[in-house]
Amino acid sequence: MDVTTDLTTEKIARAFSSHRFELALPHLADDIIWTLVGADPLVGRKAVEKAIERTAADLAAVTTEFQRFRTVVGEESVVVDSLARYTDAGGDVSIVASCDIYDFADDGRITEIVSYTVELPS
C-alpha cells in the first residue's frame with residue numbers, strides 16, 4: 001500500500017530529524033528498525049512510536065536551534081547531518097551533533113533508521 005502524500009523522502013527524513021514527528025509518523029513501516037548507535041535497536045512501529053513520544057515529551061520545554069542541517073538524498077536512502085543547540089527551561093545548554101540515515105521502501109515508508117549522536121562541549 002503506497003503512502004499517499006506530497007512529502008518526498010527527503011522531507012519525511014528532515015521532519016523526523018528536526019523533531020517534527022507528527023509529519024513522519026504516517027511514513028513508518030510496521031517492521032521499522034531504529035538503531036541508536038550504542039543502544040539496543042528499537043524494532044517495530046510501536047517501539048519507535050513510544051520512543052518518539054518520550055522524546056517529544058522531553059523536548060516540550062526545550063528550545064532547539066539547528067546550527068547545521070543538511071541532507072544527502074540517494075535512490076532509497078536519505079542522510080541528515082545536523083548540529084543542534086538545545087536550551088532547557090532552566091537555561092542549561094547542550095550541543096548535539098547527529099547523523100541519521102533513513103532507508104525507504106518502494107511505497108515511501110521508512111524501513112530503517114540508524115542514528116549517530118554525540119554531545120559536544122557547550
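Predicted model: local features only at pLDDT ≥ 70, side-chain atom pairs only at ≥ 80, totals over all residues.

Trainee: How many salt bridges does a search of the whole structure find?

Mentor: A salt bridge needs a side-chain nitrogen of Lys or Arg within 4 Å of a carboxyl oxygen of Asp or Glu. The search finds 4 here. One of them pairs Asp81 with Arg68, at 2.9 Å from N to O. Asp81 sits in strand E4 (residues 77-87) and Arg68 in strand E3 (residues 63-73), 13 residues apart.

Trainee: Which parts does the pair of Asp81 and Arg70 tie together?

Mentor: Asp81 and Arg70 form a salt bridge at 2.8 Å, N to O. Asp81 is in strand E4 and Arg70 in strand E3, so the bridge ties parts 11 residues apart in sequence.

Trainee: Is Asp81 buried or exposed?

Mentor: Buried means under 20% relative accessible area. Asp81 has 16% relative accessibility, so it counts as buried. Arg68 is partly exposed at 34%. Arg70 is exposed, at 52%. Shared partners join Arg68, Arg70 and Asp81 into one network of salt bridges.

Trainee: What is the N to O distance between Asp107 and Arg109?

Mentor: Their side chains meet in a salt bridge at 3.6 Å. Arg109 is buried, with a relative accessible area of 19%.

Trainee: Now the helix. Which residues of H1 are buried?

Mentor: Helix H1 covers residues 9-17. Its buried residues include Ile12, Ala13, Ala15, Phe16 and Ser17.

Definitions and conventions. Residues numbered from 1 in each chain as written. Heavy atoms only, no water. Buried < 20%, exposed > 50% of the residue type's maximum accessible area, 1.4 Å probe, protein only. Helix = DSSP H or I, 4+ residues; strand = E, 2+ residues; numbered from the N terminus.
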